[in-house]
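The paragraphs below walk through one model, beginning with a single side chain and ending at the ligand. Please keep the sequence and the coordinates open while reading.

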Amino acid sequence: MKFGGVRFILRISLLLLVSTATLMAAETAHLTIDASKTGVKIDRNLFGQFAENLGHGLYEGIWVGPDSPILNTRGIRNDVVTALRALKVPNIRWPGGCFADEYHWRKGIGPAGQRPATINNSWGGVVDTNSFGTDEFMDFIQQIGSQAYVSVNVGSGTPQEAAEWMEYMTDAQPTALAKERAANGHPDAYKVGFLGIGNESWSCGGDMTAEYYLSQLKIYTRFVGNDNPAQQGPNHMLKIAVGPGFPETEWTETVMKGWQLHDWSWNFDGLSLHWYTVPNGWENKTPSLGFGVEDYVKTLKSTLFMEEFLRKQETVMDKYDPQKKIALVVDEWGAWHAPLPGSNPSFLVQQNSLRDAILATLNLNIFARHADRVRMANIAQMINVLQAMILTDKEKMVLTPTYYVFKMYVPFQDATFVPVSFDAGTYTQGKVTLPRVDAIAARDASGKLWLEITNLDPEKPVEIDAEIAGMTFKSAKGETLTAPAVDSVNTFAAPNAVVPKPVFASLKGGRLALTVEPKSVTVISLEP
Ligand code: AHR
């Protein structure tokens, strides 16, 4: 090749470099934070999980049985317990979901070989051995250091059955059921932190009207109690009523109006709310693998509706409960994608990509901004089902991008919300426009300031210039979660494709500067 030819190639390469740089030129975002401003607590229970008896959520995901070659403690997978301990999971909702309203607890206690096999009518009509019952769930809760959120059966059960289940779990006195628990190897009364009174009673829980459900709620909250002496008075178990799964407010109106008139004999502490991200509707669900930017932006746009949904319900709750005594409990949320090809469609198996991680941060940030009313939430679901933290296949286990978001957010558990104002403009793709950046901040008990920044823009990095007033900080460090593509996932073969990496942040004279990569989640801590 002649010298001129080389010059030509160099010129073209330079041109390509310049145009790529222009394409990738960073946007700028100015953030303002007054670290001395104290807001409400971001309740640790906002980071709760949901483990329904569905597909491989419990069986194989948690429970492999004591004789399994997979390392386990009393039948519960050790790898899963270790992974979940790192998330400091505050509470786990069990046994459903829709399954809760067909579950009869007595079938799941006693010697393993003597438990009856039943059919899981909610999820695929498969045989349920009932090997994972109350004592196994409580063992699991204790192994990971969490709290039990038990949903009782209102649809096909009775208040008496629910009351007896509570007696079995929580009675410290020598009642017949407490003795039965002891005979099953558990002399100490369990704690039940939260009690759900039914599930989606407007649909799979019995298709009730709000008025009918309210009458059931009164009976259940009157007669189903917690006898554990450690859970009386200020530490009492919180009772959670079924709330809406749709933006309309009639259900909330009826239940909250009823609550306003309650007397000494019945009460509840939280109203549940369910909202899934299903951007194309239930008949045309989005794939969880092999999608592009168009699906990514549509999904994030759809998930941001959570904010409006909460606001609508909060307006009604404020009318009947201006003191915010009743918490809004988003005990089912997350992305509901199409089942993975080849999987049992009733098992709700989906992969979990960088898109889902970003979706999770957007929801967690919305909950944090509504933390005066939203004091508990449960992502659906914990293992092998929907937007899972963990996927397993026999002895193999992989942590999903959503798992890493929950890990990065651990410092926000019970931290105090600090308002952040920011403007980074918008990102538009086709007909969809998204905010380019989202951010929250909080101070933990040690005085550290934690800042989370999500860059929704899938193409451009954003240079963050944050002005931090009200306190001085010595140093800043952090980590970021991103990957080459919006649909990047962790697999059993490549488990570290989407994992957090350290990020550089400079702190000078009350100004924090860093660059956040496209489609990324970044958490920075500032040391006072
Ligand atoms: O999470 C899966 C199902 O979604 C739950 O069982 C039900 O409550 C909701 O409709």
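Phe137 counts as buried, at 1% relative accessibility; buried means under 20% relative accessible area, exposed over 50%, and partly exposed in between, with a 1.4 Å probe and protein chains only. The model is a predicted one, in which local features need pLDDT of at least 70 and side-chain atom pairs count only at pLDDT 80 or more, while totals for chains, interfaces and linings use all residues. Residues are numbered from 1 along each chain as its sequence is written, and side-chain values use heavy atoms, with hydrogens and water left out.

Phe137 belongs to helix α3. Helices (H or I, at least four residues) and strands (E, at least two) are DSSP runs, numbered from the N terminus. Among the buried residues of α3 are Thr134, Asp135, Glu136, Met138 and Ile144. Just after α3, Gly145 has a positive phi of about 75°.

What does Phe137 touch, not counting residues up to four places away in sequence? The residues are Ile92, Trp94, Phe132, Ala148 and Val150, where contact means heavy atoms within 4.5 Å.

Arg93 is in strand β5. Arg93 is buried, with a relative accessible area of 2%. Its contacts, leaving aside neighbours within four places in sequence, include Gln49, Tyr149, Asn199, His274, Asp331 and Glu332. With Asp331, the side chain of Arg93 reaches the backbone oxygen at 3.5 Å. Such a polar contact is a pair of N or O atoms within 3.5 Å; within protein, one must be able to donate a hydrogen and the other to accept it, and residues adjacent in sequence count only if both atoms are side-chain atoms.

The C-alpha atoms of Arg93 and Glu527 are separated by 35 Å, and the two residues are 434 places apart along the chain. Glu527 lies in strand β27, residues 520-527. Glu527 is partly exposed, with a relative accessible area of 33%. Beyond its neighbours within four places in sequence, Glu527 is in contact with Lys448, Phe473, Lys474 and Ser475.

The structure holds one disulfide, that is, a pair of cysteine sulfur atoms within 2.5 Å. Cys98 and Cys204 form this link, with their sulfur atoms 2.2 Å apart. The link is left-handed, with -90° about the S-S bond. Cys98 lies in the loop between β5 (92-94) and β6 (118-120), and Cys204 in the loop between β9 (194-197) and α6 (210-223), so the pair ties together parts that are 106 residues apart in sequence. Cys98 is buried at 17% relative accessible area, whereas Cys204 is partly exposed at 33%.

Cys98 is also one of the closest residues to the ligand, along with Glu52, Glu200, Tyr276 and Glu332. In total, 13 residues surround the ligand, a residue being near if one of its heavy atoms lies within 4 Å. An oxygen atom of the ligand is 2.7 Å from an N or O atom in the side chain of Tyr276, and an oxygen atom of the ligand is 2.7 Å from a side-chain N or O atom of Glu332. For Gln381, a polar side-chain atom lies 2.9 Å from a ligand oxygen atom. The protein covers 93% of the 280 Å² of accessible area that the ligand has on its own, with areas from the Shrake-Rupley method and a 1.4 Å probe.
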